[in-house]
Structure formats: structure tokens, C-alpha cells
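Reader: Could you walk me through this one, a bit at a time?

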Amino acid sequence: MRDAGRQPRRVVITGLGVVTSIGIGVTEFLAGLREGRSGVKPITSFDTTGFSHANGCEVTDFDPAAWLERVDPGELGRASQFSAAAARMAVADAAMGLDELRGKRSLVSVGTTDAESRDLDNLVADQLRDGPEALDPVVARRSTAGRLSSSVVRELQLTDVEAVTIPTACAAGNYAIGYGFDAIREGEVEVALCGGADAVCRKTFTGFYRLGTIAPEVCQPFEKDRKGILTGEGAGILVMESLESALARGARIYAEVLGYGLNCDANHPVAPDRDSLARCIELAHRNAGVKPEDIDFVSAHGTGTKANDVTESGAIRQVFDTPPPVVSIKSMLGHSMGAASALASAACALAIQEGFIPPTINHHETDPECGVDCVPNVARPARLDVVQNNALAFAGNNAVLILGRYRDAV
Amino acid sequence: MTAATEPRLSTLDAADTLVFSAWSAISPFGVGAAAFSDGVRAGASALAPSDGPFPSAALVPDFSARQALGRKGTRSMDRVTALAVGTVGQLLESCGPGLLEHPERVGVVLGTGSGSVQSIMDFTRDALTGDKPYHVDPALFPNTVMNRAAGQSAIWHRIKGPNTTIAGGALTGLLALSYASRLLRGGHCDRVLVGAAEEYSTQRAWLEWRGSGGTAAPLGEGGAVFLLEAESAAVRAGRPVLARPVGTRFRGFFEADGARRALTDCVRSALAQAGVDRDEVVFVSTDGAEEAAVVDALGRTPEWVRCAPLVGDTSAAAAGFQLAAAIAAGRSGHALVTGVERDGTVGCTVLELP
């Protein structure tokens, strides 16, 4: 139970684990963000015959056996492989010994859109061919959403742990990080491994393709002639802990989590709502104790669809008298679904630490209807104190996270 | 343009206790909390012969989206979404209109398995069998995204606070409770509709059957949703305190035979967190797994409440139904709700029943 009267704890990010189409591990991811690397290539994870275009942002150089030490990769679906590998990387990046981690009460929360829908796709193909009686037992067993978080527990052999998967679709990474923030803040857990994971799958590509929202070549957020999203994949896991814990063990602190806001449009199953998103941004600012003018850049949801980018920039202009730079790393990574806002959070933490704003690549001419400075094509050096990370999901699920530079007296 | 300067507004005092002050269920016993309570008390199984791989299953009788919610807006709605929207609707109806007076301060936290595996796999099947790989019904696409049931519950009932989907196998209901409690303590909303829903479908049955090598218990379905709020808020609104969730803990295990030890430790730590002596536990609402671990922790065999034999294995909804069964028992004192997820996690909630 919470200690009544105790000051809420400050929460800091001390480790990052990332699996992305522009690089695996913090060093490669950071280099990719700085140089504006593109993860786009033709999709290979399923047969794309019959689609007039099928580019995506797959992770093509991921060998699960190289990252997973305890769990047999064959017992995990691709999204769980990503989340378990990213968690292991994050703990190593935090320079936290596994015995030390296991001695602390922890939370594992992993956001996702599709969980192991890649496995479900493959099971459908098997079932069409051989009937349901022949479904592979190992694949059937590993195809549940809960596996994305429980696989982290097994890989790291955690015991005093709460493991939860948060399938709140394309905003899920921010939801998962927010959950870790609250759990540490109130003193219930000492360390949280939080983020998101997803694997490219036929089901989701097909759905977006049918809606006419898959870009033929590249993803161009805020571009005048933007043509849509590219589906992507990967995982981002953050090690979060209380400031006392980080200081006590002399950890490197990437950034402080200042707060977050959640709300629901409760309006439309797929279309975003400007006023409701604006309210969510205001909630996040209030919860984090910051003002709009404090925000040094916004990492936008920025999917590159007509509807998202105009609605999102409209909401930003509603809240900010003069909007700060508004960038979308989906221009580089595509839309990695449940991993997207977790990877964007990792990018924000790195941006604060390293002093630059990641670019929006593939950019030629900004849509005047968006009217934002999207830091076109080239990263911009900047001293950053407070950054905002937006995430939107189907069903109008909004989540906005605020990160700040760690300063020892606030 | 925005008032961002005032500090976080939490309406929840640190010393305030969270309580369940209302609940609803749509279960194989029928629609409504009363049907579930009567069914559990009567102890008669709702399992009936089934044409899936399992010889029997427990379905919500005569349930369909259209029948439960009307024609409008249900053409594309799948079964788990209808169960969720319907169960939330039952709860709202029982509480009266005041509950949504400030819809942006009401959260929805809903557990599911993997959304609807039937919807997901049907969509892929259409893609694989149509003339073109994109000849799919776009109106069905949102059903394949796992936040559909929670999101549509908010859209249907106009609930604008935090809206979160939770998944964790057999522990889903307890994980949702833990999430909802932190949402309230974090000041993100004033009350939460928290629960879980699971549908019976042919596809889920085949996955469970094959995944367990044909050893799984018969499946059930349904939804259970609870109103979680501060005790002071419940009292102000004239709602009863049905139960206080005074401690919830989870543990992980990674050895094949580690579940028993993990659950014993979990029960002990949940009791310690709640400040409840093991002798004060009146009964245990169990999912049927690792009951010996509970006996180890309590030092005696407690009275058991078991709903799985009555409503089947309701997977993501199982712990939600166990919570409901504990409240429906109408007893006073302390009760435990325990769960074991074969993927390597266990959970326990301590309830104080007034």
C-alpha cells in the first residue's frame, strides 16, 4: 500500500533496449536518428503478390538466438522475441546486474497492437491447408498477447514481478510507460521495464491497405502530398526506476519522466478527434507541471496519413500559441504499431541526452494545413529541457507523455 | 491558451480506500449480476454439449450483439465487443445517470485475451481466400485490433476518461484491477469501470485445444465489470461498499514446476501487503490451479469458491468472474482471489468484504 503522506517519487529512465528497422541496440538506433536513416524496403515477412505496392519497415537483421539467453526462441512468437530481447538489452544498457534486478520488486508492461497476430496469420494458412486439427501446438500456445510481457519475466528470471501486456493499439507504448511511471511514483515498485512490441503481419498490412492508407513508397509525415503509413515492427523497452534508486547505484540518467495524460475521444472507431487530442495534451502538461512554452519539441504520432497529420497538428496549434518543432520518426521507422510510442519515447530520451532533434525525413514541402516545423531531413542540434511524445490509437485512445532533462533540484 | 500551471489534481486522498461499489456480469447464467449470483449459489453447471473440439462449452444463452444491443451500430460488432459493451451497459444502468456526469473523469479498463481471435483469423482468411489479397471488409478491420472492446465500450456509452486494454491470460482480471487502482491513485480519473470479457468462438476453441494438446478444460465466455472508486466517493453517491481490494500481488516463475511455490509466496505477500492475518481468510475464490499452494500459505484447507466448473474456463474473463463470485457470496470477512497463468505468472488479490 502507498505510504500515506509520503512525497511521490521522481521517476527516471536509466536504460534503453531497442529493436528497430534502422538499427538494433541504442548505438545503432541513435546513429540512425541522427543521420535520418530510412528503414523502408519491400516487405518479405509474407507473400505480397497481388498488392500493387508493399513496402514496409521490417527488422531484417534480428537473430533472436543472439539476444535471448534463457528462453528458447522457438517458443516465442516474433513480437515476444522482440520484447524479451529489448528488455535484456535495456537492463544491460542500464548497467543493472541481473541479480540486483531480481532482488527488486518490478513491473513489466509491454504495449502492443497485434501481439502475435503474425503467428495467427500463419495458423490461418495452415488451417486452410490442413484443417484446424493440425494446428501446431507450440505456435497455438505462444500466440497469446500475455506472452509479450511474460516472456520478459522468463527470459530475465524475475520472481517478484507484475507482468502485464497492454494492447491499447498504436498508443500502447505510452500507456505502458505511463503505467510504470505511476507504479514507481507511488512507491509500489522499484524498477519497471516498460515499452512496446509488434511484428509486421499480413492482417494489419491488409487492413490499412484496404483503407487506402498504405503509402506506395515512403512515409512522409506533414508533407503536402503525403500518401500514408508504412507498417513497421520492432520493440522499445525502457528501464525506469526511482531517482533515489538511480542515484544510489550511480546510474546514468537519460531523462526524467515528468508525467502523462490519457483520454478517449469516445467518438469514432478509427478517425482522430482534434479537440479531444488537444485536451489530452493539456492533461499531460498539467500532470507533468509544465506549460506549453516549456516544450522544446513534440515527437508527433505523425503517421503520414492525411487525416492524422492535419488533425494532430491542428490539436497542437490549439494548445500552443507558437508550436515548437513537431517531428515524426515514423518517417524513418514506419509505423511500428504498439512499439511506436515506446521507440519514440526512447528517441526523446536520447534526444535530451545527446542534444538534438531527430528529423522528419522524406520531406519536400510542408502541408500548409499542418503548418509545423517538422525539422525536415536533417537532425537539428538543440539543448532540450522538456519534450512531448504524442500517441493516438484506434477507438480514440490518446496518450501523451512528457519527458524532461534530469536536474538535481526541481 | 491552456491552464497548465496548476498542480496535478488528484481527488483521491492518500488515506482513502478504493472500493467496489457496483458490478455487473453477462455470463453463461444469463444477463445481469443477479443471474450470475443465483447461478453460482445454486452451483449448477452451465456447460452444455458443444460442436467444437471440446465436448462441452458454456455460452451466454441466446446472446448476440443485435439481440443484446439492438440493430443500430451492431452490424459489424463481434461477440467479445458486444459482451463488453453489454456488461458495461448493465453496470451503468444499475448505477443511474449520475455516474457519467463528468465523462472525462471516468475510465474504462478492460481485459481481453488477444481481442477476438475469431475476428483476427477470419480477416486473414478472407485476405488469403479472396480474388485479391485485399478483398476484405474494411468495417471489420477494427475488430482485429485488440483495443476494440474497450474502445467501443467507451464510444457506445460516451465515456471519455482513460481507456485501457489489459491482457495477461488467466490473471487478466487481477492485472486490470491493479492497473485501475494505480490510475485512480495517480489522479487520472475519479472512477473506473474495470473488468474483463472473453468470447467463445470456434477459433478460440481450436487454439486452446491444440495449444493444450487436448487437455484443456471446457471453455466458457462472458464479461464481468466492476465500479472501482474511492470509498468517500461511493458514500457520497449513496453507493454501497461491496468489497475493498486491500492487496494485490503477482509473482513470476520460470521452472516448469515453479507455480506452486510462486503462488504460495504470492498469497503470503498479498496478505502481508493488506495487513491481513492468514487466519482471517474466510474463503478463497480459485481458478482451480495450484490450490495446494494456497493451502501451504494459509496453513489449512480453506473453503473454496470455484466458478470454472460452472461457467467453464473463461480465460481472460476468469479472474473477473472469480472476483464477482467472491462478492456474490454475500459473506463478511476476508477472501482471496487467486490465479495461475501457465506462461509463468501468478496473482492474488485480498478482498475485505463488509
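Author: Domain bounds here come from an automatic or database domain assignment. This is a predicted model, where local features need pLDDT of at least 70, side-chain atom pairs count only at pLDDT 80 or more, and totals for chains, interfaces and linings use all residues. Residues are numbered from 1 along each chain as its sequence is written, chains are lettered from A and ligands numbered from 1 in the order in which they are written, and side-chain values use heavy atoms, with hydrogens and water left out.

Reader: How many Å separate the centres of domain 1 and domain 2 of chain A?

Author: Chain A splits into domain 1 (12–248) and domain 2 (258–404). Taken over C-alpha atoms, their centres are separated by 20 Å.

Reader: What area is buried between domain 1 and domain 2 of chain A?

Author: Buried area is the accessible area (1.4 Å probe) that two parts lose on being put together, summed over both. Carbon and sulfur atoms give 67% of it here, and the total is about 4600 Å².

Reader: Which residue meets A:R226 in a salt bridge?

Author: A salt bridge puts a side-chain nitrogen of Lys or Arg within 4 Å of a carboxyl oxygen of Asp or Glu. Between domain 1 and domain 2 of chain A the count is three salt bridges. At 3.5 Å, N to O, the side chain of A:R226 meets that of A:D309.
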